[in-house]
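Here are a few notes to read alongside the model.

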Amino acid sequence: MKLERIRPTVAAALLSLCLGSALAQAPAPIRIGFLATFSGALAPLGRDQYDAFMLAVEQRGGRLGGVQVQVLKEDDQFKPEVGTQLVQKLIERDNVPIITGITGSNVLMAIAKPIAEKQVFLISTNAGPSPLAGAQCSPYQFVASWQADVIAEVVGKYAADKGYKRVALMAPNYQGGKDILAGFKRLFKGEIVGEIYTPLQQLDFSAELAQVTASKPDALFAFYPGAGGVGFVRQYQQAGLLKTLPLLTTGIIDGTTLPALRESALGIVAGHVWGPDLDNTANRQFVQAFEARYDRIPSNFAAQAYDGALLLDSAISTVKGNLSDKIAFAAALKSADFKSIRGKFQFGRNNFPVQDLFIFEAVKDAKGRMTMKSIAAPLKNHADMYAAQCLMK
Amino acid sequence: MTWALLATQLLNGLQLGVLLFLLSAGLTLVLGIMNFVNLAHGSLYMMGAYFAAALYGRTESFLLAAIGALAGTLALGATLERLVISKLYQRDHLDQVMATSGLILVLNEVVRIVWGVSPMFIGLPEALRKTVTVMGFQYPAYRFLVIAVGLLMGAGLYLLIHRTVVGMLIRAGASNAPMVSALGVNIGRINALVFAAGAGLAGVAGAMAAPIFSVQPGMGESVLIQVLVVIVTGGVGSVRGAFYAALIVGVVDTIGRVLLPSLLGQLFESSVAQAAGPALGSILIYLMMAVVLAVRPKGLFPVKHG
């Protein structure tokens with residue numbers, strides 16, 4: 001070898017030896033794909049999910065489970081085909097072992113199988129469609145939020161407990177809307193005086209509300225995600241119905257829509273898995289930290305994603321950052337050994353949560369902001385009804 | 001269905017029709033006179049709603065918010081016309097569609113950057129948050145205001161178009177634009193005026209709609225399709241056509257959505273009615289448009305081209 005080549009070569013060799021030994025000490029950073037909806041009508045949900053997840057990561061100095069994490073943020077635009085392409089990129093180009101986030105169930109249904117086939121772990125912190133809770137469950141697939149029907153089932157139980165005899169139902173005319181109303185009817189045993197499905201793009205409900213009022217029910221149960229929900233509440237209040245007809249909801253009032261609705265939402269009842277006033281230490285700390293960091297009250301979407309981060313934190317810590325033993329990591333995730341901000345949390349057989357469900361009322365807090373106050377806990381340790389169809393152990 | 005319920009639904013249909021008229025009047029003039037397909041019209045409606053919500057946040061006055069929305073969209077329309085639209089008059093319709101689709105994306109992103117992704121709050125004065133009793137039914141007071149404003153603007157537009165010189169020039173331009181230009185009228189200024197006025201009308205519609213619906217990015221797209229149905233049914237370029245077609249579409253859509261499911265429920269069993277009712281109700285206005293076009297291909301009140 002030529003003389004002038006020896007020194008740089010020796011230097012390079014020494015350097016790589018040092019680096020090599022240094023890297024051998026710490027586990028390699030874990031890449032986590034964060035796929036959610038950051039544009040379009042559901043953008044506030046994805047934004048809340050991401051903000052809360054990153055809050056958890058920041059609180060741990062950029063680590064989860066003691067290991068540095070690199071969060072790759074991707075926007076699926078609420079389109080299954082975009083989600084599928086991004087998942088392909090995340091798995092094949094970025095080699096992520098974990099994908100989390102997932103706002104819309106349409107995207108989740110498209111990406112669930114490709115992800116499980118590549119043995120990549122999927123932790124959904126919002127969408128929870130029923131096929132994945134039943135026959136299409138997988139040991140690589142975890143839903144840390146809720147199965148879609150349960151947030152309606154809790155309202156159905158509440159309506160039955162409250163003694164409502166005649167209830168009218170309204171939802172948009174798509175599979176999600178039909179599933180929600182089916183979930184309500186499962187636990188509500190009174191009379192359904194009307195079941196109205198409105199066209200998906202329709203934003204003006206005055207005609208349907210007039211019809212519902214004419215049939216004189218004891219209460220109205222409605223499900224309208226996104227823009228439709230905000231309009232629905234405004235129209236409900238403008239029609240004077242807030243004072244005369246109790247409104248039971250799910251998916252309409254939450255931390256992302258209350259700032260836009262303000263007083264027009266007062267007194268509306270909603271069912272969900274989490275609220276800002278849940279009484280446990282982890283939750284109080286979470287709400288305080290989120291408000292301090294982002295200057296707004298966290299929504300349930302934020303809470304679900306934060307719990308997802310805590311779940312990953314505990315699981316990665318259990319396997320000491322070594323994700324190559326997938327069976328061990330799957331077991332660590334399934335054991336859900338972390339202090340959830342929901343209080344109690346465990347996974348059922350189908351890797352969907354078994355959790356308490358609550359009823360909230362929209363009220364003003366001490367600072368004059370709109371928030372949700374828990375008023376009932378009708379379902380405890382509630383599992384979804386599709387677990388029996390899942391054939392995993 | 002009782003008479004009271006029918007009356008309420010008619011009022012709902014009227015209110016929807018009036019909002020559709022405010023939107024379609026501007027678009028039909030732009031399409032008829034300048035032969036320009038402006039898909040960004042829904043975005044101008046969105047900008048009107050956002051201006052109103054933002055101004056309400058500053059002033060707590062709905063009146064100021066609405067006036068500000070009108071002024072803002074007039075200015076925005078005039079600016080867009082000078083910067084973008086006027087360059088595209090001679091181009092193919094497809095180019096115009098692509099350019100205005102791009103405008104939709106730009107305006108959505110601008111709104112997202114300036115005001116964020118969450119829906120915006122807008123309030124109403126106390127008096128308008130109440131209800132009015134109509135035949136024993138409670139009807140929102142605010143909707144009467146929307147109907148009143150829409151009819152007022154319709155009357156104003158009629159007076160402008162049929163009783164003023166500017167209106168005469170606009171009607172002439174709708175009939176035969178090259179001839180008007182050949183006669184020495186500055187057709188460029190007429191075009192700018194028409195486009196800005198159309199934008200202003202869309203802005204007022206947005207401000208009126210803001211307290212009823214959700215003010216968020218992309219709110220203009222869903223209303224655009226109904227507006228196109230109104231324009232085609234009424235006759236492109238005809239404001240009178242837009243007025244009648246908007247009212248017809250509003251009433252047919254509202255009554256149809258409500259009557260069809262119960263009608264089907266009496267003819268078929270309830271599961272069929274429940275599945276077919278909403279689906280049929282949502283395509284009713286398109287069926288009506290198809291029927292109208294089959295009978296009168298140029299629309300209900302077409303402009304007579306000289």
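1. First, the ground rules. This is a predicted model, where local features need pLDDT of at least 70 and side-chain atom pairs count only at pLDDT 80 or more, while totals for chains, interfaces and linings use all residues. Residues are numbered from 1 along each chain as its sequence is written, and chains are lettered from A and ligands numbered from 1 in the order in which they are written.

2. The chain contact. Counting residues as in contact when their C-beta atoms, placed from the backbone, lie within 7 Å, 31 residues of chain A meet 31 residues of chain B. On the chain A side, two or more residues come from each of α2 (43-59), β8 (191-198), α8 (206-214), α9 (227-238) and α10 (258-261); helices (H or I, at least four residues) and strands (E, at least two) are DSSP runs, numbered from the N terminus. The most, six residues, come from α9(A).

3. The core. A nonpolar core here is a set of buried Ala, Val, Leu, Ile, Met, Phe, Trp, Tyr and Cys residues joined through C-beta atoms within 7 Å; buried means 20 or more other C-beta atoms within 10 Å of a residue's own, exposed means 12 or fewer, and partly exposed lies in between. The largest such core has 225 residues, and A:Tyr306, B:Ala49 and B:Ala52 touch the most other members. Helix α1 (residues 3-34) of chain B is its main contributor, giving 16 residues. Leaving aside residues up to four places away in sequence, B:Ala49 touches B:Gly206, B:Ala207, B:Ala209, B:Ala210, B:Val215 and B:Met219.

4. The sheet. Chain A has an open sheet of six strands in the order β2-β3-β1-β4-β5-β6, with mixed pairing; strands pair if DSSP finds at least two bridges between them. Because β2 (63-64) and β6 (141-143) of chain A each have a single partner strand, one side of each is left without a neighbour in the sheet. Strands β1 (residues 30-36) and β3 (residues 67-75) of chain A run parallel over seven bridges, and A:Arg31 has A:Gln70 as its bridge partner in β3(A).

5. Two backbone angles. Most residues other than glycine have a negative phi. A:Lys216, in the loop between α8 and β9 (219-222) of chain A, has a positive phi of about 50°. A:Asn351, in the loop between β12 (346-347) and β13 (353-364) of chain A, has a positive phi of about 65°. A:Lys216 is exposed, with 10 other C-beta atoms within 10 Å, whereas A:Asn351 is buried, with 26.

Conventions
Contact = placed C-beta atoms within 7 Å.
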